[in-house]
Number of protein chains: 2
Amino acid sequence: MQTFGAIEAGGTKVVCAVGSGPDDLRDVEAFPTTTPAETLARAVDYFAERPVAALGVGSFGPVDLDPQSPTWGHVTSTPKPGWRNADVAGPLGDALGVPVAFETDVNTAALAEHRWGAACDIDSFIYLTVGTGIGGGAFVDGRPIHGRTHPEMGHLLIPREPGDDFPGVCPYHGDCWEGLASGPAIEARWGRPAQDLPPDHEAWPLQARTLARGLVNLILTLSPQRIVMGGGVMKQTQLFPLIRAETEGLLAGYVPLPADLATFIVPTSLDGNAGVLGAIALARDQLAGDSAGVPVPASPVTSGGG
Amino acid sequence: MQTFGAIEAGGTKVVCAVGSGPDDLRDVEAFPTTTPAETLARAVDYFAERPVAALGVGSFGPVDLDPQSPTWGHVTSTPKPGWRNADVAGPLGDALGVPVAFETDVNTAALAEHRWGAACDIDSFIYLTVGTGIGGGAFVDGRPIHGRTHPEMGHLLIPREPGDDFPGVCPYHGDCWEGLASGPAIEARWGRPAQDLPPDHEAWPLQARTLARGLVNLILTLSPQRIVMGGGVMKQTQLFPLIRAETEGLLAGYVPLPADLATFIVPTSLDGNAGVLGAIALARDQLAGDSAGVPVPASPVTSGGG
């Protein structure tokens, strides 16, 4: 088996790794996301010392995923300073001389769950991460949703808890789903980070209900076979039974759910590695010209030097 | 070109037709939906006089779309009296001796828009009908979403207008999207049916905002290239510019939209015929064994007698 490269490019940190799958994941290294030039140079240095046959990149967004677009592989309209319209895939492919596959961070994590994790037995599912923000990736019939750009499920509009006047923390929408239920929202509401709130704190039933309101909308729209949840906030495992009960209650019998909801709303089974493992899967598929899971750009922009 | 049969099976009426496409649609006949036995017998009588090569059925739901399921082609958990677990496709195929294709009513209408209508140039879009209820079908990369069962977009949970205490009319959820914005919701709120309210009535800005809240959630989840809207309420064409403006406002620049929203949120271009035309497209694809658009059951349950 060849060695593949993985980059999980987040808004605050970048994780690089090499390997070929969950049983062969090596040299996982994280560093802060600074400017595009500095950050990409550091990634190039990492892979210069660890040659790979192809590279997969799961990136924070919004990103351009259209293989026909001149800005394929770029971060586009992000408010993150310096990253607006930054080319990510291009400089990496040019410097390393290998094929580069590029996806959203959440579709990349979803691919890892589909290939090796909690969704390996199904083809239509949602991967949701609840942490610094809320992000969702989705597979329909074995392929990630792109559409016009790509989903941005974290910003769903949901009903408010009656009488609750917490304004929410989303700079765009205030009290959208992410504005009410991300890690920073929990900290803003309760004055302490999520991990410092005891498991029996009143924060958790409210958090479960708020998450369930968004899940109901995702279920009604995508009819998933399963929902896989990860991210820092979901390490509060007491949330899972609460979320399942609230989701069932809110749907009120309108949509038939599996008898055992513990198999329907599940935690990630890849621990913290879904991002880099998905990027390795992207790289493998790219080299194989195999579009099972993720479309391969028709004319890769980034094979220069190879 | 062969002649194909179409059934648009709604909760209040059934429409039958024969033909091969928009330029060849004949003998459109509607009759009330009564009991399954009586209703299906009437449809069989209609097609006994008008032989077809294959039949397409777009049905109200929930329905079983799984070709591997013993209850494929059935209406399942509907509250409609007499129709719970009613076999629709089976009796039609048995009596007529032709292949039967079966889909949700809204995915069927979406197929017509994709083949011949307002979505004929794109592969990822949403078809939404706003009338007696709200229903949505969606195509991703040229194929309809099924997932575990099928989408039920009408029942999205959305934020309430501040201070509004209208309880909504959905028997399951009260003030879900359909409960707030369907035709019956408009009539319950304003005391008159939608078509009796003047175009400058205060109902319409509220209606547009309520519809836009759901559209925002669909856009964030599916990233469609276009949204096609039909149904009785959408005959109030003054709604379209209001809906476009509200949708853009609610998204607040987070998701890039096309510069010309008049090409993004559009009316159906098939007038009232999307349902039967989609059923004809289903029948054509079924006979051709062509799954472009809609999966063909691996082992049709309903070829008896053919």
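Chain B can be laid on chain A with an RMSD of 0.0 Å, by a turn of 180° and a shift of 0.0 Å along the axis. Contact here means heavy atoms within 4.5 Å.

Before going on, some housekeeping. This is a predicted model, where local features need pLDDT of at least 70 and side-chain atom pairs count only at pLDDT 80 or more, while totals for chains, interfaces and linings use all residues. Residues are numbered from 1 along each chain as its sequence is written, chains are lettered from A and ligands numbered from 1 in the order in which they are written, and side-chain values use heavy atoms, with hydrogens and water left out.

Now confidence. The model scores ipTM 0.94 and pTM 0.94. pLDDT is the predictor's confidence in each residue, from 0 to 100. Chain A has a mean pLDDT of 93, and 94% of its residues reach 70 or more. The stretch to watch is residues 291–306 of chain A, where pLDDT stays under 50. The model has 40 contacts beyond four places in sequence for that stretch. Where pLDDT is low, the predicted coordinates should not be read in detail.

Next, the sheet in chain A. Helices (H or I, at least four residues) and strands (E, at least two) are DSSP runs, numbered from the N terminus. In chain A, 5 strands form an open sheet in the order S8-S7-S6-S9-S10, with mixed pairing. S8 and S10 (265–267) of chain A are the edge strands, each pairing on one side only. Two strands pair if DSSP finds at least two bridges between them. S7 of chain A, residues 134–140, runs antiparallel to S8(A), and 2 bridges join them. Val140(A) stands opposite Arg143(A) in S8(A).

Helix H6(A) lies across S6, S7, S9 and S10 of chain A, at about 155° to S6(A). For such angles, axes are lines fitted to C-alpha atoms, for helices over the stretch in contact, and angles run from 0 to 180 degrees between N-to-C directions.

A salt bridge is a side-chain nitrogen of Lys or Arg within 4 Å of a carboxyl oxygen of Asp or Glu. Over all chains there are 24. In one of them, Arg213(A) is joined to Glu161(A), with the closest N and O atoms 3.0 Å apart. Arg213(A) sits in H6 and Glu161(A) in the loop between S8 and H4 of chain A, 52 residues apart. Are these residues buried or exposed? Arg213(A) is buried at 9% relative accessible area, and Glu161(A) is buried at 18%. The cut-offs are under 20% for buried, over 50% for exposed, and partly exposed in between (1.4 Å probe, protein chains only).

In chain B, Glu161(B) meets Arg209(B) at 2.6 Å, N to O. That pair is 48 residues apart, with Arg209(B) in helix H6 of chain B. Glu161(B) is buried at 19%, whereas Arg209(B) is partly exposed at 22%.

Last, Arg50(B) forms a salt bridge with Glu49(B) at 3.8 Å, and Glu49(B) is exposed at 62%. In chain A, Asp27(A), Glu29(A), Glu49(A) and Arg50(A) are linked in a network of salt bridges.

Notes
Least-squares fit on C-alpha atoms with pLDDT ≥ 70 in both.
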